[in-house]
Amino acid sequence: MLAYIARRIALALPALFGLVVLTFILSRVIPGDPAATLAGDAATPAQIADIRARYGLDRPIMEQAWVHMRQVLSGDLGNSIFSGRPVSEDIARRLPATLELTFVALLLATCLGIPLGLLAALNHNGPIDHLVRVLSVGGLAMASFWLAIMLQLQFSMEWDLLPLRGRMDVPLGLPPRVTGFLLIDSLLAGRGDMFVDAARHLVLPAVTLALPGLATIARFTRSGVLEALQKDYVLYARAAGYGRFRLATIYVLRNAITVTVTQIGLLFGALISGAVAIEAVFDWPGLGTYAVQAILSADYKALLAVTLVVGVIYAAVNVLVDVAQALIDPRVALQ
Amino acid sequence: MHLLRSAFLALVMLAAQPAQAQAPRPLVWGDTLPATLDPHAIFDVPSQFVLLNVYDGLYRYQGNPPRLEPWLAESHTVSADGLTWDFTLRAGVKFHDGSAMTAEDVVYSFRRLLTMNRGPSAAFTPVLTPDRVTATGPLTVRFVLSSPYSPFLTAMPLVAIVNPRAIAPNVVNNDWGAAWLAVNSAGSGAYSVLPGNYQPRVSLDIQRFPDFFRGWAGNPRPVETVRARPVMETSTRVLALLRGEIDATDSYLPTDQVERVERNPRTRVARDESMRVFVIRMNNMRSPFNNRDARLCLTHAFNYEGFNNVILRGFVVRNGGPNPNNLWGNPPDLVPYAFDLTRARAHCDAARAAGVDLSRPLEIHVQNELEQTVQAAQMYQADLRRLGITLRIVPNTWPGITSSTTRSETTPDMWIHWVSTYFVDPENWVGQMYDSQFHGTWKASSWYSNPEVDRLLRAARTSLNREERQRLYADATRRVVADAPDIWVYNTVNLRGLSRRIEGYTFSPVGSGGEIRLMSLAE
Amino acid sequence: MTALRHLMRDPVAAFGLLIVVFAVFVATFAQWLAPFPDDAFESNIMQRLRPPSAEFLFGTDNLGRDIFSRVILGTRSALLVALAVVLAAMLIGVPVGLIAGWRDGWLSEGLMRFTDVFLAVPQLILALALGQLLAPGIFTAMVALALTYWPFFARTVFAETRRLRGALFVDALAGIGAHPARILFLHVLPNAAPAVLVRATIGMGFTILTAAILGFLGVGATPPTPDWGLAVSEARQHLPDAWWFATFPGLAILLLVLGFNLLGDGLRDAADPRLRRSRH
């Protein structure tokens, strides 16, 4: 198993290396002059030249590439063009917000998606089945930012039921930072009011973000159950008098985890992508808003760092998923 | 099914949970935060919040129209040749760490600014080097300029006086403590930064400084804590204000929202005539903009009336030249260009007759995040179509545009922006926008060049006589307007949405009303 | 043809096909269908932000343009952008997949590793970075989308080629001395076509969605293009009052993407006999 894990990690490395190279190439093709951006509003050409020299932007391209590679490997993602601060610090502060949102969304998607898929399979070709099918395809067809705006319009703007934006009401302050996950930190601090407030802030963004995942999981559960119901051993069991619901439940209990685990790797990409637009709508102080702000301020350093970090997380999640699958089904590791 | 139902129930319960009653709420400021807290590293509109609340300068602008008041300085004298400036400092000023401010601290601050050579230093570097700032006594500072520069005093408020004793332990690699000061404060201002809560672009908390040198006698109920929480998107920001989540918006409240904010019983709109000119730039070095008739054609094709009064609902004032109407040195008899497609067509025909090619699509760069620039461009686009001119809108950002204006070849055909009040002097507008020596900066990005205007502006810059300067600037402005190098649209009425809890809000074009020390919170 | 008949028997897929055909119709005759075709670029500031009425079915936007007309006119650009992106992605991805799948070796390995680099980041994030860095605009957005979507075709075609290269008829063709290029393009590719078609149909929906997100975030279409994503982003500033401004362009995205997804779903079922078995 260890050998498998090592092999799986080794497989992910070339792609990540390629990504570092790609981001560097990208950073060199930008049309604007990063030095001028850094110099700020009232800069003179002399100030700009000075900054160009200070940041090594006047060096030969191969030398810059080498420096870039060394920095990335040592965990230094460079300084933001916008604030001059280390990008890695900014990302570290914002990552928990995105991860908390993503985890809650994933949880929602799983907890709602599996029962929905099961229901549809048991009602195969019936009205519920068609409804779930349309819904599951519809969930993937919805533009996340639009759904986010529509929910915000109804639930916060019109009915005033849920918070409009952010992670926590400002006057409440924030719980002492332990994990960066407000749900956990507020419990650790013993602040029930903060927990409730953080949960209320999570509802709309998490529901929006969960929808595509929910659709995917419902769909895979449905087809998984359908397939299982045709398996020979299931047919025998049915002949022996076991009810369809009971069989499906047994099947789901055993296989839903496998299905979900397989999908998490794929879903994660969708979730992170979705988070960008959704965070922008709900003013969620995570990686997504960071990326959007980087776009608005032409902060290519920050943008490329986000790309790299997401790539690393994405690779890590996929490795984890494969390992988890191998643990569940040891045959995978032998292939 | 159970799962589904309980999840739904949980959602409903969460939704129904009422907002909890709270202890006295702090002031929540919803305006944009600057990129860095270091007052010497950046100079733009958001950075004034830190400059005015956390730091002090030798002089400061107060009120509207802005008056220049002695602040950390008590007085100053200037030699007859305009080169030697002596400032006497106020005694008994304390920094946040309790240490007293001395002349050496002022010298340190200016040397830091000039050596780091970023942000506001551009206003000084042409006439001042670090070694020409010296302490002549414990509370006296001398500046010796390399050439006379009359806006010198008006630019004084740009420079924050920082505390070298707070910075010294945090200097890394000879960086003047830049990395540290970007997330901390070392000032003497009315408020100090709570560094632990600072997160760039997300949150900044500041706390009242009881030993502020001007004392707090003028404000019996000052605001103790301010939590600055910028809201990224305009409509969300306004809604957050209406719902009481924030107490103040930024100062670019969209005119469409004014009525709504006024209608709400707990909010209001502070309207103040500001000094922020909306301008459509033209690259005068490139065809067709290098032809005066072509420029006049374009100038007459913008629907000023429609834009100012319909789209912006009359919340702005037509401004016919580069200087704000309410600034000294602006000729009062200036006649603004009018929207007149017939005249525009005549000028276009004249330009075509002179061999100017007007068939090429013109590109106008807008600032994507500021919708007004997009609206103006789209409206303009529709009107220009009637003249047979194609305008192509290119979305861009402030940094994207300003970084392309360093050379005329990379400067866009046209672009839209505001010129805000950096210092209250015609030099801030007509001086730096149309003197060809500033080519390569965003302010002079129309690449306009007129030797007579250059001469007048340079004379005005070095003269120490206010009447003479007024005459010179007025003359230069008239000539610039006659040449129509750009399209000047309006002078901003500053619109800031405020919670009615806030009392004592006082507007000044410099800082746009963000001085917290003047405010108090109603119960 | 059996596939098509099968498709029509599946009500959900037929519904998808119907939407797509309708959208193509609307896009083709947009100029005649839109009540105010000039509103693609005109502005009528005297009638801005009017609610839906008999004259303006979907209301007017912040520049007084008829949203109904702009939604109709936007169909064309949405379809064209998606089509161009998918075709470009196919042009890169299909040959890469064919070559990499045909023979093992360093070339195959190198191509697939290269493909992995583009799959190492979620598509939107990569497209966002590309779109911003190469100067924002619809053309850049299209380039970015194509550059990030081709790996999916490469993967699909790679798998199909791997499967087919061991097939008897390929061996026979190689035996009679057919050139590999001939075998690949004339014999392997047509057999891989159903999988490519399914991928392309799903890709159309996906591209429309991603292009809309790019437009929304300001790195896609530029004004005055009647782009749906851009319209939603312009509308945000006028919420909650002008709800119609944000609602209808979003619904248009939903409908069109739904059409492609349903169709792709049905096509996949129809093209894959193994899956067909499970559908009674």
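These notebook entries record what I looked up in this structure, which is a predicted model.

**Entry 1: an open sheet in chain B**

I began with a sheet of 4 strands in chain B. I noted that this sheet is open and that its strands run in the order β4-β5-β7-β6, with antiparallel pairing. I then asked which strands form the edges of the sheet. They are β4 (73-78) and β6 (133-137) of chain B, each of which pairs on one side only. From one strand to the next, I recorded an average twist of 25°.

I next followed one pair within this sheet. β4(B) pairs with β5 (residues 84-89) of chain B in the antiparallel sense, over 5 bridges. Within this pair, I found B:Ser75 opposite B:Thr88, which belongs to β5(B).

I also looked for a helix against the sheet. Helix α3 (residues 103-116) of chain B packs on it and touches β5, β6 and β7 (140-144) of chain B. The direction of this helix makes about 175° with that of β6(B).

**Entry 2: strand β11 of chain B**

I turned to strand β11 (residues 267-282) of chain B and looked up its pairing with two strands. With strand β16 (residues 487-499) of chain B, it pairs in the antiparallel sense over 11 bridges. In that pairing, B:Glu273 stands opposite B:Val493 of β16(B). With strand β15 (residues 414-419) of chain B, β11(B) is again antiparallel, over 6 bridges. Here I noted B:Val419 in β15(B) as the bridge partner of B:Val277.

**Entry 3: two domains in chain A**

I consulted the domain assignment of chain A. It gives domain 1 as 1-82 + 297-335, and domain 2 as 93-294. How many residues does each domain of chain A bring to the contact? I recorded 14 residues from domain 1 and 13 residues from domain 2. On the side of domain 1 that touches domain 2, I listed 9 nonpolar, 3 polar and 2 charged residues.

**Entry 4: chain C against chain A**

Last, I examined where chains C and A meet. I found 41 residues of chain C in contact with 46 residues of chain A. On the chain C side, the elements that give two or more residues are α5 (106-119), α6 (123-133), α9 (180-216) and α11 (243-271). Which element gives the most to this side of chain C? It is α11(C), with 10 residues. By residue type, I recorded 30 nonpolar, 7 polar and 4 charged residues on the side of chain C that touches chain A.

Definitions and conventions. Residues numbered from 1 in each chain as written. Chains lettered and ligands numbered in written order. Predicted model: local features only at pLDDT ≥ 70, side-chain atom pairs only at ≥ 80, totals over all residues. Pairing = 2+ DSSP bridges. Axes fitted to C-alpha atoms, helices over the stretch in contact; angles between N-to-C directions. Contact = placed C-beta atoms within 7 Å. Domains from an automatic or database assignment. Nonpolar A, V, L, I, M, F, W, Y, C, P; charged D, E, K, R; others polar.
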